[in-house]
Amino acid sequence: MPESDQATPFRVRPISTRRGPDPKQDRAARTKLLVLTAAAELFAAQGFRHTSVKDVAERVEMTKGAVYFHYPTKEALAVAVVEQHYARWPALLAQVTAEGHGPLETAARLLEGAAAAFRDDIVVQAGARLQIERPQIDAELPTPYVDWTQLLATLLVRAEAAGELRAGLSPQAAARSLVAAFFGTQHISDVLHERADIAERWAETAELLFLAIRT
Ligand SMILES: CCC[C@@H]1OCC(CO)=C1C(=O)O
């Protein structure tokens with residue numbers, strides 16, 4: 001799927017620490033990422049309410065003032081973590097797209113990759129917890145689920161055009177079901193096993209769902 005044609009609605013881009021012309025900017029970007037990662041570790045472990053900016057500052061051995069320089073409030077930290085959660089997905093989409101699978105297989109492999117990210121990536125884990133806790137966070141967070149639903153629906157419309165979809169199936173309804181099933185699978189795996197078994201759990205759910213979806 002050509003880059004321009006990618007229906008990737010994930011708008012926020014990853015924080016770049018690539019060395020640029022200005023060493024000062026580089027150092028600031030690296031510090032920003034260090035603070036964000038420490039906040040993600042704390043949000044993932046103890047949630048938004050029980051995490052303070054002081055906790056984050058202590059974790060990175062900086063003053064609260066230094067943390068506030070990069071993120072003016074705890075809410076700003078939470079927004080940044082959730083945004084970076086979503087910023088993971090364009091790279092995954094590019095990687096899977098480059099493998100050249102058909103649209104249905106692309107959707108399946110995307111969700112497999114997402115399951116691995118939910119198991120391994122602390123920023124993905126923290127973003128998921130903060131989205132659950134969004135009523136406690138007085139800030140504008142990205143609307144959950146809609147971007148994945150749109151991306152999967154776009155792929156399933158292409159699958160329908162390619163004759164890969166079961167006759168009469170709504171690509172949009174199938175996309176909503178995949179997102180709901182993935183969300184539930186990763187949540188149950190998190191609550192019971194800290195997501196240690198998410199890949200296996202998602203594989204068994206995906207097998208059933210894609211069996212129902214494909215021709
Ligand atoms: C891919 C399923 C949707 C995904 O699962 C957890 C979560 C966090 O809110 C999601 C999202 O907002 O897109």
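Colleague: By class, what does the lining of the largest pocket have?

Modeller: Start with the classes: Ala, Val, Leu, Ile, Met, Phe, Trp, Tyr, Cys and Pro count as nonpolar, Asp, Glu, Lys and Arg as charged, and the others, Gly among them, as polar. Here the lining has four nonpolar, three polar and four charged residues. A pocket (on a 1 Å grid over the protein atoms alone, an open set of points with protein on both sides within 12 Å along at least five of seven lines; lining residues have an atom within 4 Å of a point) differs from a cavity, where a 1.4 Å probe fits but cannot get out. Do remember that this is a predicted model, in which local features need pLDDT of at least 70 and side-chain atom pairs count only at pLDDT 80 or more, while totals for chains, interfaces and linings use all residues. Residues are numbered from 1 along each chain as its sequence is written, and side-chain values use heavy atoms, with hydrogens and water left out.

Colleague: Which element gives the largest share of that lining?

Modeller: Helices are DSSP runs (H or I, at least four residues), numbered from the N terminus. Helix α7 contributes five residues, the largest share. Among the charged-class names in the lining are Arg-129, Asp-190, Glu-194 and Arg-195. The pocket's volume, the space filled by probe spheres set on grid points joined across faces, edges and corners, is about 240 Å³.

Colleague: Where does the ligand sit?

Modeller: A molecule sits in a cavity if more than half of its atoms lie within 2 Å of the grid points. The ligand sits in the largest cavity.

Colleague: What is in the shell around the ligand?

Modeller: The shell has eight nonpolar, two polar and no charged residues, and helix α9 (171-193) gives the most, with four.

Colleague: Which side chain has an N or O atom 2.5 Å from a ligand oxygen?

Modeller: Polar contacts pair N or O atoms within 3.5 Å. That side chain belongs to Tyr-86; a polar backbone atom of Tyr-145 is 3.0 Å from a ligand oxygen.

Conventions
Polar contact = N/O pair within 3.5 Å; in protein donor to acceptor, adjacent residues only side chain to side chain. Helix = DSSP H or I, 4+ residues; strand = E, 2+ residues; numbered from the N terminus.
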